[in-house]
Amino acid sequence: MISVKGIIARLQFGKSLLGVFVDPFYLARRGLIGLIGKYSSHVGGKTLDIGCGSKPYRHLFNVSSYTGIEVTQDKKGTDRPDCYYDGKNFPFAAASFDSAVCSQVLEHVFTPEEFLREIHRVLVDGGTILITVPFVWPEHEQPFDCARYSSFGLTHILAESGFEVMAEDKSPGGLGVTFQLANAYIQDVCSPAPRFFRVIIFAVLMVPITILGVLCELLLPASDSLYLDNIVVARKKGVANV
């Protein structure tokens, strides 16, 4: 039997327009899921999901095995990793995986070169990584938020870490971004308020803002420089730079 919580989770990490009525971050998540789905065919075989959380994108990939890994157990109890690691070294032998997924994690890594070299180590030669990072987004999960990456910065750091970029893309950008940021602001300032107050604010203020954002994305020109998220698919080359 599917619970109400399960239904909400599906709407939050899906592309249904019904998500407008349950998710204050609908615009961001819809764009991100669209990007991951678009490039999901590059992920296959034995796959490692780094910083997997609740594995919300697992259904987008056709793989032989899917292993989720986290640094520490989520205190909210929402994580479903298969294993944990110490923040530096993955508990796997070299060349253990055919592909890797790393979504919205790199901005929380204080030593990105070391992190990417460890991913490089556990991938087979020619193995692929699908990685997403925010570009325009508020600070979150403080104090573990240390960077934002432009499309140029992300491709550069991957190349320096022994990867060959195969594809890169951005979430739909433009005026809709400002509506998502408005909702992120409202969510932040209202977070200390009682639950009933937050529900009212969401219904009467944030839902209309999201709808306006969707309309802006549909009716107005997109922007290649004002956007929420980057995605890059890259292939492991021989030996990572050190």
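Colleague: Across which strands does α4 lie, and at what angle does it run to β6?

Modeller: This is a predicted model, in which local features need pLDDT of at least 70 and side-chain atom pairs count only at pLDDT 80 or more, while totals for chains, interfaces and linings use all residues. Residues are numbered from 1 along each chain as its sequence is written, and side-chain values use heavy atoms, with hydrogens and water left out. Helices are DSSP runs of H or I with at least four residues, strands are runs of E with at least two, and both are numbered from the N terminus. Angles run from 0 to 180 degrees between N-to-C directions, the axes being lines fitted to C-alpha atoms, for helices over the stretch in contact. Read in this way, α4 lies across β5, β6 and β7 and runs at about 165° to β6.

Colleague: In what order do the strands of the sheet stand, and which are the edge strands?

Modeller: Two strands count as paired if DSSP finds at least two bridges between them. Here 7 strands form an open sheet with mixed pairing, in the order β3-β2-β1-β4-β5-β7-β6. The edge strands, each pairing on one side only, are β3 (83–84) and β6 (163–170).

Colleague: In which sense do β6 and β7 pair, and over how many bridges?

Modeller: β6 and β7 are antiparallel, with 7 bridges between them; Val 165 stands opposite Ala 234 of β7, and Glu 168 stands opposite Val 232 of that strand. β7 also runs antiparallel to β5, to which 7 bridges join it, and in this pairing Pro 134 faces Asp 229. At β1 the sense is parallel: 5 bridges pair β1 with β2 (residues 65–70), Asp 49 having Gly 68 as its bridge partner in β2, while 3 bridges join β1 to β4, where Thr 47 stands opposite Ser 99.

Colleague: How many residues of β7 and of β1 are buried?

Modeller: Buried means under 20% relative accessible area, exposed over 50%, and partly exposed in between, for a 1.4 Å probe and protein chains only. By that reading β7 is mostly covered, with 7 of its 8 residues buried, and β1 is mostly covered too, with 4 of its 5. Over the chain, 47% of the 242 residues count as buried.

Colleague: Which residues of α3 are buried, and what covers them?

Modeller: The buried residues of α3 are Pro 112, Phe 115, Leu 116, Glu 118, Ile 119, His 120 and Val 122, and their cover includes β1, β4, β5, α4, β6 and β7.

Colleague: How many residues has the largest nonpolar core, and which have the most contacts inside it?

Modeller: A nonpolar core is a set of buried Ala, Val, Leu, Ile, Met, Phe, Trp, Tyr and Cys residues joined through side-chain atoms within 4.5 Å. The largest core has 28 residues, and those with the most contacts inside it are Ile 50, Phe 90, Phe 115 and Ile 119. At least two of its residues come from each of β1 (46–50), β4 (97–103), α3 (112–122), β5 (123–134), α4 (151–160) and β7 (229–236). A second, separate core has 15 residues, among them Leu 32, Tyr 39, Tyr 57 and Val 63. Contact itself means heavy atoms within 4.5 Å; setting aside neighbours within four places in sequence, Ile 119 is in contact with Ile 50, Phe 90, Ala 100, Ile 129 and Phe 163.

Colleague: At what angle do α2 and α6 pack, and how far apart are their axes?

Modeller: Two packed helices are described by the angle between their axes and the distance between the axes. Helix α2 (residues 26–38) packs against helix α6 (residues 195–219) at about 40°, with the axes 9 Å apart. That makes α2 oblique to α6, since angles under 35 degrees count as roughly parallel, over 145 as roughly antiparallel, 65 to 115 as roughly perpendicular, and the rest as oblique. Tyr 26, Leu 27 and Arg 30 of α2 make the contact with Thr 210, Gly 213, Val 214 and Glu 217 of α6.

Colleague: Is Leu 17 buried or exposed, and where does it lie?

Modeller: Leu 17 lies in the loop between α1 (4–12) and α2 and is exposed, with a relative accessible area of 53%. Apart from neighbours within four places in sequence, Leu 17 is in contact with Tyr 26 and Arg 30. Leu 17 and Val 214 are 197 residues apart in sequence, but 9.5 Å apart in space, C-alpha to C-alpha.
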